[in-house]
Amino acid sequence: MSRADGLFIGMCEEILREGFGSEGQNVRARWEDGSPAHTLKRFGIVNRYDLAEEFPILTLRPTHLAAAVDELLWIWQRKSNNIRDLNSHIWDSWADESGSIGMAYGYQLGLKHVYPEGVFDQVDRVLFDLLHTPGSRRLVVNMYNHADLHGMHLYPCAHSVTFNVTGTRLNAILSQRSQDVLVANNWNVAQYAILVHMLARVSSLEAGELVHVIADAHIYDRHVDLVRELISRVPYPAPRLVINPERRDFYDFRVEDFQLEEYRCHEQIRSIPVAV
């Protein structure tokens, strides 16, 4: 069984069993019909994935790795905040008529900052430090910029990453303020696992642990039955990630450079309602 499946099942069982319900509260999120989207939530979920052991992608249902990587590159490599640079419609609900999602995500990573060593954006600062001072305890990327929240169409959910090199292993902590577990959990896990692999490759390191910290891990009311059905499935073994060996520069990676071998998974869950 894939360890990612086991962690996902355990997390969902905990939320369904012990989750705090928002019924009776005034909630921001709404369903398409305008009714309030209530949740069951658990505070402070922490899942650990050893990327040297396996690639953490669900087999309970397919996670579309190519689309997940494309979104990751849109934010971290292209540093874009415009959906016209993205090859999916994930962000359509938060974009304005020009395609912009405001001063969020890629916009924040593209901002230049002055350091003693020079002028860098946050991504390039991490790349610089991994090569020159890999033992640094200051390898932090943060997209939750309070000065710019007013200009963001959606406050960042996965908002910061702390990198740490231990020996020859590059580890990372992904901090997330809020997560729709059914829709987004493994999507984010797979994305940031890929990011760790990318940074490790270009820094001559090995991919180590990805620790995913979720402040508010929730299952929406209209997702409960779907989640119960999903976690009743029998998982398959994890697939193997293959990365194009020619890529050595962070900005040279492309979506097609990441392939899964022997990815066996159950059928997709169709027509999942999404709260906005």
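1. Y115 is partly exposed, with a relative accessible area of 24%; here buried means under 20% relative accessible area, exposed over 50%, and partly exposed in between, with a 1.4 Å probe and protein chains only. R125 lies over the face of Y115, at 4.6 Å from the ring centre, where a charge sits over a ring if NZ of Lys or CZ of Arg is within 6 Å of the ring centre and within 35 degrees of the ring normal.

2. This is a predicted model, in which local features need pLDDT of at least 70 and side-chain atom pairs count only at pLDDT 80 or more, while totals for chains, interfaces and linings use all residues. Residues are numbered from 1 along each chain as its sequence is written, and side-chain values use heavy atoms, leaving out hydrogens and water.

3. The whole structure holds 11 aromatic pairs. The ring centres of Y115 and F120 are 5.9 Å apart with the planes at 55°, so this pair is tilted; rings of Phe, Tyr and Trp (its six-membered ring) pair if their centres lie within 6.5 Å, and planes under 30 degrees apart count as stacked, over 60 as edge-to-face and the rest as tilted. F120 is buried, with a relative accessible area of 13%.

4. F250 and Y251 form an edge-to-face aromatic pair, at 5.2 Å centre to centre and 85° between the planes. F250 is buried at 3% relative accessibility, whereas Y251 is partly exposed at 27%.

5. One aromatic cluster is formed by W74, W91, W94 and Y105.
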